[in-house]
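Visitor: Hey, I've got a protein model open here and I'm a bit lost. Can you walk me through a few bits of it?

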Amino acid sequence: MRVRLPWVVAAAVARGLEVHMGDGGIVYYGGGDDDAAARDFCAAHRVVDGSCAAELRRMSRELDAPEVDALDAPAGAFGGACPNASYTLPRHRRRVAPSASALASFGRKLGALARNASALEIGGPTTAMGGLYAQEWASVDVVNWSDQAVRKIQGNRYGGDLVAATGGGATSGSAFYVDGRLLGQLVVGDGGRLEHVADGSYDVVMAFHVLEHFADPLRALAAWRRVLRPGGYFVVSVPWAEQTYDRRVPVSTIYDLILARADAADSSDDPEVLRRLEHRVRAYHRLVDLDTCPHCCDDLATARRLKGYHWHAWDLALLQEAMACIGAAVEYLDIVDNWHQLVIARVPD
């Protein structure tokens, strides 16, 4: 019987690379690598690279993907992981450098798109963006994952803005006030699916330090895009890995995100998928800075339960690719305060 190899495997064989098929998936090794942690992590991520060890050392350096024609195949070949049907996988990891005027330019951009706009914030309210709620929003609704998380909102100050809710306590369905101004509603729900939100309901979807907590971030981004009106905006931030306990963790690639989408990594109960995820969790545990990680664990069940767990480390290049994958044009991309990697991207009209 003739076996049809996945195109990534066929490409590697054509280049003469040694191909290993293991519990973690597809790994290409261009040479020896005795570091067990490196092997574990790269296996869990199914790293497509000439050297597993090189991926660990890369971090801020450019990473070349195998230069074969198959890499230009549309990402739709991966089960439609990318809503943007014309998106093609990059031959190289794109380098994106931060600018010195990041904070000021972000403030101007945010102020312009907030004017009279309706927004949905995932996982909010945020403590990270001072003055966010003082913008001229028409409304801001907030989705958080549990009643407990919503109850903590009452009476707290977020980036200088005092948040309150009706009835003296925040519950799902409560009105959302900031500094005495009614902005919208607090809702308990799954921020990665938004099953309670109708298509095309908002002008802006915001998520600050949320996307890294999804095992399958492309699914979340697709849901967020679904609730945006034509011409709407994403305003998304993720932590800069160098300033977190992820600083020794290799930054994920768009390949990782597409494979996670194909696996339905956030919800699958398929034994093969669970084995890969378990492998990834154990490898991450060995690489992360445990002294500063309150949500680190070495078993899959706990990782799925802890909403603070980091499934992927991000950089600006990955943010850019993820936005291209879902069909949003990046209008702002930068690092603010050596901490927030921020992107503002617009979906088509």
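Visitor: Which residues in H6 meet H10?

Guide: Keep in mind that this is a predicted model. On the H6 side you have Leu218, Leu221 and Arg225, and they meet Ala322, Met323, Cys325 and Ile326 in H10.

Visitor: What classes of residue are in that contact?

Guide: The contact of H6 with H10 has 6 nonpolar residues, no polar ones and 1 charged one.

Visitor: I see Leu218, Leu221 and Arg225 are spaced out along H6. Why might residues three or four places apart point the same way?

Guide: An α-helix has 3.6 residues a turn, so residues with that spacing point the same way.

Visitor: OK, and at what angle do the axes of H6 and H10 cross?

Guide: Roughly 55°, and the axes come within 10 Å. H6 covers residues 217–226, while H10 covers residues 316–326. That angle makes H6 oblique to H10.

Visitor: Is the crossing left-handed or right-handed?

Guide: H6 and H10 make a right-handed crossing.

Visitor: Which residues of H6 are buried?

Guide: Pro217, Leu218, Ala220, Leu221, Ala223 and Trp224.

Visitor: And what covers them?

Guide: The cover includes H10 and helix H7 (254–263), plus strands E3 (118–122), E9 (202–208) and E10 (228–239).

Visitor: New topic: how many disulfides are there?

Guide: The count comes to 2 disulfides. One of them joins cysteine 82 to cysteine 325, with 2.0 Å from S to S.

Visitor: Where do cysteine 82 and cysteine 325 sit in the chain?

Guide: In distant parts, 243 residues apart. Cysteine 82 is in the loop between helix H3 (52–58) and helix H4 (102–114), and cysteine 325 is in helix H10. Cysteine 325 is also one of the residues that H6 meets.

Visitor: What about cysteine 297? Why is it in no disulfide?

Guide: The nearest cysteine sulfur belongs to cysteine 296 and is 7.3 Å away, whereas a disulfide needs the sulfur atoms within 2.5 Å, so cysteine 297 is in no disulfide. Cysteine 297 is buried, with a relative accessible area of 8%.

Definitions and conventions:
Residues numbered from 1 in each chain as written. Predicted model: local features only at pLDDT ≥ 70, side-chain atom pairs only at ≥ 80, totals over all residues. Heavy atoms only, no water. Axes fitted to C-alpha atoms, helices over the stretch in contact; angles between N-to-C directions. Helix = DSSP H or I, 4+ residues; strand = E, 2+ residues; numbered from the N terminus. Parallel < 35°, antiparallel > 145°, perpendicular 65-115°, else oblique. Left-handed = near helix turned anticlockwise from the far one by under 90°. Contact = heavy atoms within 4.5 Å. Nonpolar A, V, L, I, M, F, W, Y, C, P; charged D, E, K, R; others polar. Buried < 20%, exposed > 50% of the residue type's maximum accessible area, 1.4 Å probe, protein only.
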